[in-house]
Amino acid sequence: MAAHLSSGRVNLTALREAGRRELREFLDKCAGSKAIVWDEYLTGPFGLIAQYSLLKEHEVEKMFTLKPGRLPQADVKNIIFFVRPRLELMDIITDNVLREDRGRSPQRDFHILFVPRRSLLCEQWLKEQGVLGSFIHREQYSLDLIPFDGDLLSMESESAFKECYLESDQTTLYHAAKGLMTLQALYGTIPQIFGKGECARHVANMMIRMKREFPGSQNSIFPVFDTLLLLDRNVDLLTPLATQLTYEGLIDEIYGIQNTYVKLPPEKFAPKKQGEGGKDLPTEPKKLQLNSAEELYAEIRDKNFNAVGSVLSKKAKIISAAFEERHHAKTVGEIKQFVSQLPHMQAARSSLANHTSIAELIKDITTSEDFFDNLTVEQEFMSGIDTDKVNNYIEDCIAQKHPLIKILRLVCLQSVCNSGLKQKVLDYYKREILQTYGYEHILTLNNLEKAGLLKPQTSSRNNYPTIRKTLRLWMDDVNEQNPNDISYVYSGYAPLSVRLAQLLARPGWRSIEEVLKMLPGPHFEERQQLPTGLQKKRQHGENRVTLVFFLGGVTYAEIAALRFLSQMEDGGTEYVIATTKLINGTTWIKSLMEKLEPAPF
């Protein structure tokens, strides 16, 4: 099941095992049969740690979604609430507990598990509602970093960016530091820490303080990671706004990938039977899991979408040739060998059919005129063309009332590529947006400004062209089929965040001091002392391992670019990626949107 977690340089199964162990210990505290009441948001992340079979082994008989009203009937001894520490969820739990029939026998015991931390505020709230005493066990389960794939960890904290950059709330940063301490306990102390940005500085400081306060946490494990690079999302606000052009990035842009699963329109996946025409088409969305456990997906996920078609057609030829082999199998031995390969071949054929269908769905969108026009404007902005005046395409889209998020992504992209917009251009866009989409979006515009995404130009100098040229962020001659540079993930634009990681590895950040000063937040380096005898002697030709932690979210295109650097022949560095949340431009802007509700008169 978890083979894909141990396929990389760092075996992430150990982290998953630690999470499962902690979960088992808690479940065993509540003796007897159990029902779990889930905060719906947690079911996805938990599914990556433990399957239902594990819960079943520990007497979990029923599972319900947390909602107001009476709890469903269940003949169990324990009811356990798995929740995030949020007041609105405490209200629902209070309602559930108060409606419990006290007269019933035997009585059911209540327990609450806060994920990822217990909250005094929530417990105080439950106390004021008069239900805190009903809970026998009140504990926390530190689900900090969840392994998504062999080189990918995420905290799946959906409001991390907003909390860090708008509300100056450092809770997520504390959890990030805790998660990194857990990683160091399992994989050894990371000798070098580099960082860029305010939040990165906070996380590094917290880690150093935690290490000082718990001197026993020093362990005698050979360090697996050589370097930790902490990057603030607001150092590179541009990358998530652009449309990702890798296969996985486009699936996420169009359909949204949630905890490695995607839901797709079912029509394309209906089995075609002769003579039945289109009757009985499925109506339920097709749900597929996407990770590197699937051979074909591992091969195409990080390719530019324009290079996917040729791979799929090559694969189709190989598979049909393999099935043809059965006609040549004459002896019993040959037939036996063919039969033994059959399950693998059938899995490959079904995987190919799925990805061909997904590619067709995506192609319908990427070949549309609207997609092309949108991409053209994005690429003009990123290469520095006409970023300082009102854009005709954006004006037309507002007039035709295209989805608001699409407009906001483009306007923010223009603002970031121009180091802010001239006041009259900014005022014009704001006025058009509010008059077309409604004045309730004034708070959203305010949030975007606070986050630095949509702002007036403060100095007369636009720094973006200097940053673009120095870091080679725009490449005109990009090779999408056989890339030689990370810019292939956006067909021309190299993600700034990944370029920083690349330059840190070679030749080092000293070569770009001037540009680093133009980007927000401090840049720093810390060294952590290793116990004697644990200093790493590198074998000749052995790659360094760097953990890149994105504070505020990371896109699949950036992950693809880092994987590309890991696979480079002469790269010398392999990357593992960690983040507070996997994002794309739409989910990111959505997390900053706020709607003014009309007053209840």
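In the predicted model, Ser-497, Val-498, Ala-501 and Gln-502 of helix α19 are in contact (heavy atoms within 4.5 Å) with Glu-558, Ala-561, Leu-562 and Leu-565 of helix α21. By class, this contact of α19 with α21 comprises five nonpolar, two polar and one charged residues, where Ala, Val, Leu, Ile, Met, Phe, Trp, Tyr, Cys and Pro count as nonpolar, Asp, Glu, Lys and Arg as charged, and the others, Gly among them, as polar. Helix α19 (residues 496-505) packs against helix α21 (residues 556-567) at an angle of about 25°, with the axes 9 Å apart, so that α19 is roughly parallel to α21 (angles under 35 degrees). Residues are numbered from 1 along each chain as its sequence is written. In this predicted model, local features need pLDDT of at least 70 and side-chain atom pairs count only at pLDDT 80 or more, whereas totals for chains, interfaces and linings use all residues, and side-chain values use heavy atoms, with hydrogens and water left out.

The lining of the largest pocket draws at least two residues from each of α2 (40-49), α3 (52-57), β2 (60-65), β6 (146-149), β11 (261-264) and β12 (286-289), and α2 gives the most, with seven residues. The residues of this lining divide into 16 nonpolar, 12 polar and five charged.

Helix α21 also contributes to the lining of the second largest pocket, where it supplies the largest share, five residues. The lining of the second largest pocket consists of eight nonpolar, nine polar and 10 charged residues.

How values were computed. Axes fitted to C-alpha atoms, helices over the stretch in contact; angles between N-to-C directions. Helix = DSSP H or I, 4+ residues; strand = E, 2+ residues; numbered from the N terminus. Parallel < 35°, antiparallel > 145°, perpendicular 65-115°, else oblique.
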